[in-house]
Amino acid sequence: MKEVEIAIIGGGPGGICAAAEAAKCGAHVVLLDENPGLGGQIYRRLPGGFAVRDEGRLGKDYVEGTKLIRELEQHKEKVEVISGAVVWGVFPGNEIAFLSGDRNERLKANRVILAEGAYDRPVPFPGWTLPGVITGGAALRMVKAERILPGERLLLAGTGPLQLALGAHLVQAGAKVVAILEASSRGAFWKHLPKLLGERGLLKEGFNYIRELQRAKVPVLTGHAVVAVQGDGEVQRAVYARVDNNWKTISGTEKTVEVDTICSGYGLVPSTRLSRLFGCKHSWDRSLGGWVSEHDSYAETTIQGVFTVGECAGVRGALVAAEEGRLAAIRACQQLGRLSEDEARRKSVSVVKRLKKLTGFESALGKMFAMRSGLFAQIPDETVICRCEEITAGEIRSAIAEGLTSIDEIKAVTHAGMGPCQGRICETIVSEMVSIQTGRPPEEVRPHTPRPPVKPLVLGSFAQE
Amino acid sequence: MKQETEIVVAGGGITGTATAYYLAKAGKDVVLVERGDLTRGSSAANAGFVWITYRAPGPALRLGLATLDSYDEMSKNHDMEYEKCGGLTLFETENLFKDMAPFVDVRKNAGLSGLKFLDRNGLLQLEPHLAPFVLGALLNPLDGHINPMRAVYAYAAEARKHGAQLHTGVEITGINIEKGHVKSVITNKGEIKTKYIVNACGAHAPVLGKMVGLKVPIGFQREQILVSEEVPGIVGRPMFTASYKKTVQQGGVGGFTTAFFANQTKKGNLILGGVNDFPGEVTSTTFEAFEAISREAIRYLPILKTLSVRAIRSFAKFYIHTPDALPVLGKVKGIEGFIMASGLNDFGMGVGPGAGKVISELICLGEPSIPLDGFSLSRFEN
């Protein structure tokens, strides 16, 4: 089995910066990334075959991504990037099992840096399983990176500034955006927006988005959310309404609009499958997106030698991810003897300073756009919650009423979370439902225990003897 | 939680919940305590086989048959995904037919009259996806499968319905004995006065035994299992091989045995096994087991490769094994009111409810319908 000093899992900003920094310190690194090219979700590259003349026109993120990837390319001899590598399991002794193409491979790492990222928060409403309902993240990827329009008449529903960016990109690409529904109240949203964008250096870009939306006469309805989606085999209409402070529908305010696509963008959930497999201790923080691996100021988890950086350690944006990646790499290199304590301290001073400023601000952002429970309280009984096993809200509620209050117990009885996604979709929803029904805070709802393979694994990937 | 009861059942697996159910149904005052959630031990992590073919004729087989009756009865009100669909023991060599003949004869006369040898053609008619190197099988029409977790929750629900109290998150920390009689049970949530305590703690039965100075020789054997995505129609009934393969790890230490088995749930998930070893109380799964199970599954069921079937989960179960592979059931010498109900060894889902029923009879009637002498703890004294 191949042995490396540091294995980094995830090729977004956190993973890239961790790899570059570790290489600068002289360590040998393997970077495992699921995607065909580096960049992660935020810095996703255009697919092969696209020629880019002026990167600036693809937005600030694209340029930033190019900068980081170039930085990494300078350390080619120290960093082996394995693209298209799907990590499906970790085993004792920091053994990492992954599929590369259709082949099963394994490596043993002295130190592990997890940069698993995050995924779009699933928020169920009647009709959310109809073709035509997609997540905001998926829509953004389609229009930005794949250059595909997800629909012709779209309704955006969710929370946070990313919706404005998505709306503007869709309008630019020629789609009709009938409205953007922002669940938080008018005051909160518009008051904090300029500060938010400014801190990320996105003020100019942000105003361009807003101008673009105004020009196309796209209404931004604060204090609104989608109630239901209807259609015969696909999305044809959406019902939306005003919501109260807890994001619960105010009845009597419902309106119906004809659309073919709904983009649901309620922020992100940290990916913690691998940190859970490693056995790291996790805690619940609504402003960070839910369950996250506990870690010290050097991003080291409760399992020695295992680090967690970027969105999987709490949703706080790409800039935080990048700095955390560097910090984890410095600490790992110190542990490996590649840096003295003094060198490590010197190297981390400026990173820590930048990180402090960023995290203070990003956690304020997280609090502002954190999910409220009203959306989950009103899910009708017949709505499907576990999409893999097709388990409804009603089935889950009766299990809770029978006294089952942990995710694993509910899974055992209802099968919710037993499918191929291993609860990635339904776990957060079920936690909210348990919390609502029992009155206990979500942090007391014991999360699910993932088992390898965390991604479906073809049995035939093991060569026959 | 009550502070006084007649019987405390320790353990929320299949044996504990079934015992609580039968006791409550007989009108007894019962409190069941489980330190974690219900069905967290071997009753959660197993392949769902309800298998009685291998029980020795006599009391052991009768416990199995009582279990089948219990499942039939429980199925009237609960969907435990129980099917008496038959079970297959696969033969890869001609010798196995001959070797198994006496084994089959004695069982045919002891309640398993439906046991039947199948040649390759007969087997392929039942299971067309099996590879041609499998030469035949032994079919027991009484064997079958169940969703083990649903089964536990069904017995728990019925126990509650009959007035039993079930408490999770309650851990027993001590047992008070006075003049050779059980007086009370100390838990992290307080003391419960009781006349009886039933030790249905499965793998943790020795811990409870130790509290009253008993040595319970129960060990762990890990079995690793893979679960596939839904692919209905691959196997019609649970099956496993009569032969196994020993793999010694590099360096000659550790090592494990591999024995193919397959079962398919109602939804179409395949439960594939299995790799056995003795790592102690460890529930993690290993890369080597993934490799071994995947290879064996494809060797026996080549269609899994053709269809690119994917594994979506793995887990490890414990065989809770005793030196003579028999359960430990019934009273213990010198401590009035302390009842053993653990150590079911392999195929626990094929014995648990039957054991619960006889333990209940032992307490309520003084005399169980199936003699338990051969299962007493004292048999290990020498």
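How many residues of chain B are in contact with chain A, and how many of chain A with chain B? I counted 33 residues of chain B against 33 residues of chain A. I note at the outset that this is a predicted model.

**Entry 1: the interface of chains A and B**

I looked up the buried area next. Between chain B and chain A it is about 3100 Å². Carbon and sulfur atoms give 56% of that area.

Then I turned to charges. The rule finds 2 salt bridges across this interface. I looked at one of them: the side chain of Glu288(B) meets that of Arg106(A), at 3.2 Å from N to O.

Which elements of chain B each supply at least two residues of the side that touches chain A? I listed helix H5 (148-161), strand E13 (219-230), helix H7 (287-300), helix H8 (303-306) and strand E18 (310-321). H7(B) gives the most, with 7 residues. I sorted the residues on this side of chain B: 12 are nonpolar, 8 polar and 13 charged.

**Entry 2: strands across the chains**

I followed E18(B) further. Strand E22 of chain A, residues 457-458, is joined to E18(B) by 2 bridges. The two strands run antiparallel. In this pairing I find Leu457(A) opposite Ala311(B).

**Entry 3: domains within chain B**

I checked the domain assignment of chain B. Domain 1 is 7-66 + 148-218 + 325-380, and domain 2 is 94-144 + 219-321. Taken over C-alpha atoms, their centres are separated by 28 Å. The contact takes 26 residues from domain 1 of chain B and 30 residues from domain 2 of chain B.

How much area is buried between domain 1 of chain B and domain 2 of chain B? I read about 2300 Å², with 65% from carbon and sulfur atoms. Which three residues supply more of domain 1's share than any other three? They are Phe49(B), Thr53(B) and Tyr54(B), which supply 23% of the area that domain 1 of chain B buries against domain 2 of chain B.

I looked for salt bridges between these domains and the count is 0. Polar contacts do turn up: 7 residue pairs, both residues at pLDDT 80 or more. On the side of domain 1 of chain B that touches domain 2 of chain B, strand E3 (49-50) and helix H2 (59-75) each supply at least two residues. I sorted that side too: 16 nonpolar, 8 polar and 2 charged.

Terms used: Residues numbered from 1 in each chain as written. Chains lettered and ligands numbered in written order. Predicted model: local features only at pLDDT ≥ 70, side-chain atom pairs only at ≥ 80, totals over all residues. Heavy atoms only, no water. Contact = heavy atoms within 4.5 Å. Buried area = accessible area lost by both parts, 1.4 Å probe. Salt bridge = Lys/Arg side-chain N within 4 Å of Asp/Glu carboxyl O. Helix = DSSP H or I, 4+ residues; strand = E, 2+ residues; numbered from the N terminus. Nonpolar A, V, L, I, M, F, W, Y, C, P; charged D, E, K, R; others polar. Pairing = 2+ DSSP bridges. Domains from an automatic or database assignment. Polar contact = N/O pair within 3.5 Å; in protein donor to acceptor, adjacent residues only side chain to side chain.
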